[in-house]
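Please read the following points with the sequence and the model side by side. They are arranged so that each may be checked in turn.

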Amino acid sequence: MKKTLFAAALFAATAVGSVVPAFAAPVSYKIDPAHTAVVFIVNHVGFSNVIGRFDTVGGDVTFDKDAVEKSVVNVTIDTTSVDTNHAKRDEHLRSPDFFNAKEFPKMTFKSTKIEKTGDKTGKLHGDLTMLGVTKPVVLDVTFNKDGVSPASKMETAGFSARGTVKRTEFGMKYGAPAIGDDIQLLIEVEAVKS
Amino acid sequence: MSELLQDPFVQSSVLPLLVGLILVGVLHLLRRSLAAAGIAAGFLVVFVLVIGLPALPPPSSMGKLFWASALGLLLGVGADAAGLRGRIASAVLAVWLAASLLWIALPALDSVAAGVTVLVLLGTAAWVAFARGSEKIESPTAPAASLLALALAVGGTALIGSSASIAQMALALAASAGGFLLWNWPVERHGWGLSGRVATGIALLLAAVLALFTQTQAAVLLLALPALLAGRVRRVIPQGDGLIGRAASSAAVTVVAVLPALVAIGAAYALTGGEASPY
């Protein structure tokens, strides 16, 4: 996710190059949890798709406009904060059947590479660590906007990311494939200059 | 057939019962003194079929449970094959069980409650390891009934507590023990040995995972502990003469042993309202 943020900033730099200093120093951002959502969608036995989210997400981005490949994105998700609007199911999701939250309370994403695919779009490559297993994932990221937020009066960058991961690759095999293996991710992030 | 094997009910009952029956039968033919090893072996086979072979070194408690169980089975088979008995066998069991419990529990030892839970588990492990050491006659029915009851209690409690894979594995262990019991009913054919006691230890390891890594009301499992007294129950219940008499007394021991497990499951149900995860 931080990589995504980084990519967003990169795209922002491209799009609004006239306002970016020629040799800008790396800028640090922190993810704003109040305006960030990590949502997942999983097929339920073919009948429907269950939607859930993680309520506690944090992270930071170090964005270097002059050398974007050196920028760093780190995101941490609290697996105990999984929320599908059903307490008993959430309890199950925190159990060893799924996120095993007691043993693996954190899920992390660390960016590794960004590919630009358009003026405001790109592919964010990174390592997702879940259940103690680290696998590379790729997210399609769209830079939305940056600038001073009229609400917070702080330098803010915003972006959206979409992607899919296979949960069984991380050892989360319970119920698959009846409970879908492919997990769609919908990520909306605002980050403020720290 | 593939769809049938995907059914959680089949995975937790019919499949492990058949696997247990077959493995105990094979061991019965190969070396009768090792027949009780069929229970733990059946559990491991079903674990691999249902959950898959865990990585080594295992990243999670369930993986540790599998590999600790596999090591226990090896120790049990080795000890039984060598004719190891008495205090030495009990000590081997105690060391394996305590080490396995601590290995599994270590990441969860972050509170007083977790510490107390581990102490209770270690105390129960000591009971399992040493309580039977003094018995001169090794009847398999009572300890197998104890195992059946403990595994049922863990499985039922886990099911109510929305921890399906633990529930499935515990019920698989119970079913595997059921297969062993069927081999020894009405006529007791096999010893229990260290292999059988290791299987009881596996039930404790399952209880540890349930208690330490889920939000299940695992304290109710304390209500199932009287099941470990099945050996004493067997001494109290009159041993009938003839085939029918022996069958009846063995069945009575098993039923009495299972009662505390039903109480524990009932308590878990009452505490949670019986609502299960909708998945």
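1. In this predicted model, residues 142-160 of chain B form a span that is 100% helix and 0% strand. For residues 166-185 of chain B, the end C-alpha atoms are 28 Å apart, and the span is 90% helix and 0% strand.

2. The largest nonpolar core contains 137 residues, and L148(B) and L206(B) have the most contacts inside it. Helix α9 (residues 193-213) of chain B supplies the largest share of this core, 15 residues. Leaving aside residues up to four places away in sequence, L148(B) touches A174(B), A177(B), G178(B), L181(B), T254(B), A257(B) and V258(B).

3. L262(B) is part of helix α11 (residues 242-272) of chain B. Why does L262(B) count as partly exposed? The reason is that L262(B) has 15 C-beta neighbours inside 10 Å, whereas a buried residue needs 20 or more and an exposed one has 12 or fewer. The C-alpha atoms of L262(B) and A149(B) are separated by 8.3 Å, although the two residues are 113 residues apart along the chain.

4. The contact between the chains involves 20 residues from chain A and 22 residues from chain B. On the side of chain A that touches chain B, helix α2 (residues 87-94) of chain A gives the largest share, five residues. By type, the residues of this side are five nonpolar, seven polar and eight charged.

Technical notes. Residues are numbered from 1 along each chain as its sequence is written. Chains are lettered from A and ligands numbered from 1 in the order in which they are written. This is a predicted model: local features need pLDDT of at least 70, side-chain atom pairs count only at pLDDT 80 or more; totals for chains, interfaces and linings use all residues. Two residues are in contact if their C-beta atoms, placed from the backbone, lie within 7 Å. Helices (H or I, at least four residues) and strands (E, at least two) are DSSP runs, numbered from the N terminus. Ala, Val, Leu, Ile, Met, Phe, Trp, Tyr, Cys and Pro count as nonpolar, Asp, Glu, Lys and Arg as charged, and the others, Gly among them, as polar. A nonpolar core is a set of buried Ala, Val, Leu, Ile, Met, Phe, Trp, Tyr and Cys residues joined through C-beta atoms within 7 Å.
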